[in-house]
Amino acid sequence: MKIDVNSDMGEGFGVYQLCDDAALMKVVSSANIACGFHAGDPAIMSNMVRLAKAHGVGIGAHPGLPDRQGFGRRELPFSAEEICQQVAYQLGALTAIARAEGTYVCHFSFHAAMGNIVNRDAALAQQVMELVVRINSDLIIFAQPDTIIEAAAQAAGLKTLTLFLADRAYDAQGRLVPRGIAGAVIKEEAALRARVRQFLQHGTVTTIEGEEIAVRARSILVHSDTPGSLALATIVRSEIEACGHQVAPAAEVIAQ
């Protein structure tokens with residue numbers, strides 16, 4: 001089976017870098033590139049596109065709210081029209097940079113608070129997905145399974161790829177545990193390795209309450225801002241290969 005390994009990347013600004021993006025790009029198969037609002041800038045975006053192209057990594061837009069200080073993780077009171085404008089602006093910017101580098105954007109993955117806002121509002125999710133279709137109907141939408149975003153993308157005729165978040169804890173309802181709660185972010189290598197192996201072998205994850213629940217996913221996400229993200233992503237890739245699967249970009253996973 002082909003399985004995607006993706007990470008949110010290019011989340012620095014100017015001379016400031018969040019992680020070793022160049023090294024991480026050698027491990028992942030899809031890169032969700034920050035598009036300049038919560039993080040990133042034209043130079044970083046261009047460099048991420050070049051690195052992705054050089055390593056055969058799928059290029060994805062990773063739009064967020066315009067909140068650098070809060071790293072796009074604070075919910076701000078934007079209207080539906082404003083959210084759509086922000087998505088169009090960021091997706092358009094990365095699309096233009098990718099074309100200038102002789103390549104293209106193949107997927108789309110919301111960042112943090114923007115994704116949370118859209119995922120609570122079916123009408124907004126539909127509006128955003130219809131916008132995405134008008135810009136590029138070939139994009140693959142990354143989403144957690146059985147969510148408003150996944151349903152809206154499919155209703156709009158877009159392909160979807162569902163995610164397992166290896167470095168985040170789940171609750172019994174299959175939701176991510178808020179980052180402010182102890183144990184919400186999985187940083188220990190042994191714990192992450194066990195979670196990935198459990199997902200690959202059984203299709204389940206153990207929740208923060210200790211209950212096993214099913215996870216329907218074909219892509220594993222590691223956040224680049226999780227401490228030790230490069231080592232964690234390497235573990236994810238090694239576990240996929242050790243279980244006899246192949247790491248591949250989203251487009252190849254969808255095509256399988």
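Q: Which residues of helix α7 are buried?
A: In this predicted model, the buried residues of α7 are Leu-192, Arg-195, Val-196, Gln-198, Phe-199 and Leu-200. They pack against β1 (2-9), β6, β7 (204-206), β8, β9 (219-221) and α8 (229-242).

Q: Why is Gln-198 called buried?
A: Gln-198, which is found in helix α7, has a relative accessible area of 17%. Buried means under 20%, so Gln-198 is counted as buried. Leaving aside neighbours within four places in sequence, its contacts are Gly-203, Thr-204, Val-205, Thr-206 and Glu-212.

Q: How do you know that the span of helix α7 agrees with what its residues should give?
A: Helix α7 covers residues 189-202, and at 1.5 Å a residue its 14 residues should span 20 Å. The C-alpha atoms at its ends are 20 Å apart, so the two values agree. After α7 comes Gly-203, with a positive phi near 70 degrees.

Q: What makes the phi of Phe-71 worth a remark?
A: As a general rule, most residues other than glycine have a negative phi. Phe-71 is a residue other than glycine, yet its phi is positive, near 55 degrees. Phe-71 is found in the loop between β3 (58-62) and α3. Its relative accessibility is 16%; the cut-off for buried is under 20%, so Phe-71 counts as buried.

Q: Why is Asp-146 called exposed?
A: The relative accessible area of Asp-146 is 66%. Exposed means over 50%, so Asp-146 is counted as exposed. Asp-146 lies in the loop between β5 and α6 (148-155), and has a positive phi of about 60 degrees although it is not a glycine.

Q: How many aromatic pairs does the model have?
A: Rings count as a pair if their centres lie within 6.5 Å. By this rule there are four aromatic pairs. One of them is formed by Phe-37 and Tyr-89, with 5.3 Å from centre to centre and 40 degrees between the planes.

Q: What makes the pair of Phe-108 and Phe-110 edge-to-face?
A: The ring centres of Phe-108 and Phe-110 are 4.9 Å apart and their planes stand at 90 degrees. That angle is over 60, so the pair is edge-to-face. Phe-108 is buried at 0% relative accessible area, and Phe-110 counts as buried at 10%. Elsewhere, Phe-164, Tyr-170 and Phe-199 form one aromatic cluster.

Q: Which elements give residues to the lining of the largest pocket?
A: The largest pocket has a volume of about 990 Å³. Of its 36 lining residues, the closest to the centre are Asn-116, Asn-119, Gln-144, Leu-165 and Leu-176. The elements that give two or more residues to the lining are α4 (112-119), β5 (140-143), β6 (159-165) and β8 (212-214). The largest share, five residues, comes from α4. By class, the lining has 16 nonpolar, eleven polar and nine charged residues.

Note on methods:
Residues are numbered from 1 along each chain as its sequence is written. This is a predicted model: local features need pLDDT of at least 70, side-chain atom pairs count only at pLDDT 80 or more; totals for chains, interfaces and linings use all residues. Side-chain values use heavy atoms; hydrogens and water are left out. Rings of Phe, Tyr and Trp (its six-membered ring) pair if their centres lie within 6.5 Å; planes under 30 degrees apart count as stacked, over 60 as edge-to-face and the rest as tilted. Buried means under 20% relative accessible area, exposed over 50%, partly exposed in between (1.4 Å probe, protein chains only). On a 1 Å grid over the protein atoms alone, a cavity is a set of points where a 1.4 Å probe fits but cannot get out, and a pocket is an open set with protein on both sides within 12 Å along at least five of seven lines; lining residues have an atom within 4 Å of a point. Grid points are joined across faces, edges and corners, and a volume is the space filled by probe spheres set on the points. Helices (H or I, at least four residues) and strands (E, at least two) are DSSP runs, numbered from the N terminus. Ala, Val, Leu, Ile, Met, Phe, Trp, Tyr, Cys and Pro count as nonpolar, Asp, Glu, Lys and Arg as charged, and the others, Gly among them, as polar. The expected span of a helix is 1.5 Å times one less than its number of residues. Contact means heavy atoms within 4.5 Å.
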